[in-house]
Amino acid sequence: MGTVLSISPATKKGSIMDSEVAGDGGKNDKSLKRHSMFVSLSWKKLVASSAKKSAKKVNPNPLPAPSSQVAQLNIENTRKTHQTEEKKPKVPIPVPVPTVPKQNGDAAVQNGRLSTVQKQPSSLSLVSPRRIVIQASTGELLRCLGDFMCRRCFKLKELNSAEVILWFRNIDRTLLIQGWQDQGFITPANVVFVYLLCEDTIADSVDSPAELQGTFQTCLYLAYSYMGNEISYPLKPFMIDSNKDVFWETSLRIINRMSAKMLQLNADPHFFTEVFQDLKNQRDSSEANLDR
């Protein structure tokens with residue numbers, strides 16, 4: 001008897017498929033290996049190219065900032081200018097000096113022709129006026145004031161300058177003793193102020209010593225009130241009880257008429273000098289010269 005062999009077709013088929021699958025898996029593994037190799041090579045090239053580009057863009061030696069260059073150029077230009085100025089010779093700048101012809105017949109060139117220049121008389125003097133200096137002591141001015149009063153009131157034959165000066169000094173001494181003032185009022189400037197008021201107020205028709213004294217003391221009261229160092233002064237040394245109404249009337253009349261001149265005497269030195277000189281001229285001609 002012979003041996004029977006049986007072969008299953010399913011197993012045979014399955015083995016064949018398995019061998020095909022195994023063959024396909026090997027092929028896929030090879031393709032994957034090749035693909036990964038290509039990817040790695042391309043990545044290395046990309047990294048190398050980017051590194052080269054970055055190396056080209058970076059500058060290891062940067063240029064200096066524009067501000068530093070400008071400062072350096074300014075320093076060099078300043079040094080060059082100083083060197084050129086030192087090399088140049090220093091020449092004085094010519095200044096034109098005006099000339100004035102010395103004579104009437106001096107010649108001048110006009111439009112290429114010689115002509116004579118004639119001096120025109122000028123109404124303005126180029127020379128400053130001569131300064132006049134006048135000096136006088138307080139006693140001398142008081143004596144001049146007394147002489148003026150005696151000359152103006154010629155009807156009072158017994159009046160003398162010493163009496164007028166005594167009226168003035170008694171009032172000033174009384175104010176000092178009673179404490180109405182700390183220092184005396186009689187100074188050259190104040191005597192000139194009193195003369196300004198008396199010259200306008202006292203008339204030559206006065207024929208009574210009492211009337212003259214009342215008018216004179218009214219002028220003194222206004223002078224003390226205007227020129228004195230104190231704020232106010234009492235009325236008693238200046239006003240006589242018998243002529244109160246006359247005192248105030250005379251005061252108002254003097255104020256209305258002489259206010260402008262009183263202000264001018266303190267503000268205008270030329271006017272003060274004129275009044276000062278006028279007072280000195282009131283001295284008696286028979287007396288010695290007060291300027292000596």
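In the predicted model, Leu145 touches Phe168, Val191, Val194, Tyr195, Phe216 and Leu279, residues up to four places away in sequence being left out of the count. Leu145 also belongs to the largest nonpolar core, a set of 47 residues in which Leu145, Phe168, Leu197, Leu212, Phe216, Tyr224 and Phe238 touch the most other members. At least two residues of this core are supplied by each of the helices α3 (138-152), α4 (161-177), α5 (188-201), α6 (209-227), α7 and α8. In soluble globular proteins, nonpolar side chains tend to be buried together.

Two of the contributing helices, α7 (residues 244-267) and α8 (residues 269-280), pack against each other at an angle of about 105°, their axes lying 6 Å apart. Because angles of 65 to 115 degrees count as roughly perpendicular, α7 and α8 are therefore assigned to that class. The contact is made by Lys261, Gln264, Leu265 and Ala267 on the α7 side, and by Pro269, Phe271, Phe272 and Val275 on the α8 side. When grouped by class, the residues of this contact comprise 6 nonpolar, 1 polar and 1 charged.

With a disulfide taken as a pair of cysteine sulfur atoms within 2.5 Å, the count for the model comes to 0 disulfides. Cys153 is in no disulfide, the nearest cysteine sulfur being that of Cys150, 8.1 Å away; Cys153 is buried, with a relative accessible area of 0%. Cys219 is likewise in no disulfide, and for this residue the nearest cysteine sulfur, that of Cys198, lies 4.2 Å away. Cys219 also counts as buried, at 0% relative accessibility.

Technical notes: Residues numbered from 1 in each chain as written. Predicted model: local features only at pLDDT ≥ 70, side-chain atom pairs only at ≥ 80, totals over all residues. Heavy atoms only, no water. Axes fitted to C-alpha atoms, helices over the stretch in contact; angles between N-to-C directions. Helix = DSSP H or I, 4+ residues; strand = E, 2+ residues; numbered from the N terminus. Parallel < 35°, antiparallel > 145°, perpendicular 65-115°, else oblique. Contact = heavy atoms within 4.5 Å. Nonpolar A, V, L, I, M, F, W, Y, C, P; charged D, E, K, R; others polar. Buried < 20%, exposed > 50% of the residue type's maximum accessible area, 1.4 Å probe, protein only. Core = buried A, V, L, I, M, F, W, Y, C linked by side-chain atoms within 4.5 Å.
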